[in-house]
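My notes follow in the order I checked things.

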Amino acid sequence: MGGGASKAPPPLGRVVETGLYVDDLPRAADFYEGVLGLVPMLSDARFAAYPVGDTVLLLFKRGTADEAIALPFGGAIPPHDGTGRLHFAFAVAADDIAPWRAHLEAHGVAIEGEVHWPKGSTSLYFRDPDGNLAEIASPGLWANY
């Protein structure tokens with residue numbers, strides 16, 4: 001970063017949205033809607049946006065966001081894209097870990113890992129159809145969660 005006097009940045013709030021890139025958007029939508037119960041608030045052939053708590057999970061068909069998107073009301077979203085298997089976690093109540101385990105298993109979703117963290121949190125790890133590592137995590141995982 002630039003030289004000059006060191007000054008703390010303004011505070012950040014929360015992560016508003018997280019984007020994942022998928023090869024087959026209808027297949028990914030089937031998983032996130034059919035298995036995880038998410039309901040899209042906006043979708044088209046290029047992406048789907050799902051509200052999750054106070055944030056948004058965005059699924060982009062890989063390769064469709066690698067050029068700037070001009071918006072009809074002005075401005076543009078710069079290009080972005082991603083490859084590889086990414087990781088993200090969903091927050092759940094501690095009492096919901098067992099029901100989520102049963103729900104995932106009932107839908108044929110393999111639980112690849114289960115961790116019981118020192119502060120009492122439990123994490124269940126599983127993959128979406130594109131190989132992204134999803135986590136269901138109860139409170140206590142981090143100092144701020």
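I am working on a predicted model. I traced an open sheet of four strands in the order S1-S4-S3-S2, and its pairing is mixed. S1 and strand S2 (42-43) stand at the edges with a single partner strand each, so one side of each has no neighbour in the sheet. I then checked how S2 meets S3: the two pair in the antiparallel sense over two bridges. Leu42 stands opposite Ala49 in S3.

Next I followed strand S8 (residues 113-116) into S9. They pair in the antiparallel sense, over four bridges. Glu114 stands opposite Leu124 in S9. The hairpin of S8 and S9 has five residues between the strands, and Gly120 there takes a positive phi near 100°.

S9 also pairs with S10, in the antiparallel sense and over five bridges. In S10, Ile136 is the bridge partner of Leu124. This hairpin too was looked up: five residues lie between S9 and S10, and Gly131 in the turn has a positive phi of about 90°.

How enclosed is S9, and why? Five of its six residues are buried, so S9 is largely enclosed by the rest of the structure.

**Asn132**

I stopped at Asn132, in the loop between S9 and S10. Is Asn132 buried or exposed? Its relative accessible area is 0%, so Asn132 is buried, the cut-off being under 20%. The side chain of Asn132 reaches the backbone nitrogen of Leu86 at 2.9 Å. Leaving out residues up to four places away in sequence, I listed what Asn132 touches: Leu20, Tyr21, Gly84, Arg85, Leu86, Phe88, Phe126 and Arg127.

**Helix H1**

Then I checked the ends. Asp24 caps the N-terminal end of H1, with a side-chain oxygen 3.0 Å from the backbone nitrogen of Arg27. Gly37 follows H1 and has a positive phi, near 75°.

**Largest pocket**

I turned to the pockets. The largest has a volume of about 840 Å³. It is lined by 27 residues, and those closest to its centre are Val52, Thr55, Ala89, Phe90 and Ala91. Strand S4 (55-61), strand S7 (87-91) and strand S10 (133-137) each supply at least two lining residues. Which strand gives the most to this lining? S7 does, with five residues. By class, I read off 19 nonpolar, five polar and three charged residues in the lining of the largest pocket.

**Second largest pocket**

The second largest pocket has a volume of about 300 Å³. Of its 17 lining residues, Glu17, Phe47, Leu58, Phe60 and Ile77 are the closest to the centre. Strand S1 (17-22), strand S3 (47-52) and S4 are the elements that give two or more residues to this lining. S1 provides the largest share, four residues. The lining of the second largest pocket divides into twelve nonpolar, three polar and two charged residues.

Notes:
Residues numbered from 1 in each chain as written. Predicted model: local features only at pLDDT ≥ 70, side-chain atom pairs only at ≥ 80, totals over all residues. Heavy atoms only, no water. 1 Å grid on protein atoms, 1.4 Å probe; cavity = no way out; pocket = protein on both sides within 12 Å on 5 of 7 lines; lining within 4 Å. Points joined across faces, edges and corners; volume = space filled by probe spheres on them. Nonpolar A, V, L, I, M, F, W, Y, C, P; charged D, E, K, R; others polar. Polar contact = N/O pair within 3.5 Å; in protein donor to acceptor, adjacent residues only side chain to side chain. Pairing = 2+ DSSP bridges. Buried < 20%, exposed > 50% of the residue type's maximum accessible area, 1.4 Å probe, protein only. Contact = heavy atoms within 4.5 Å.
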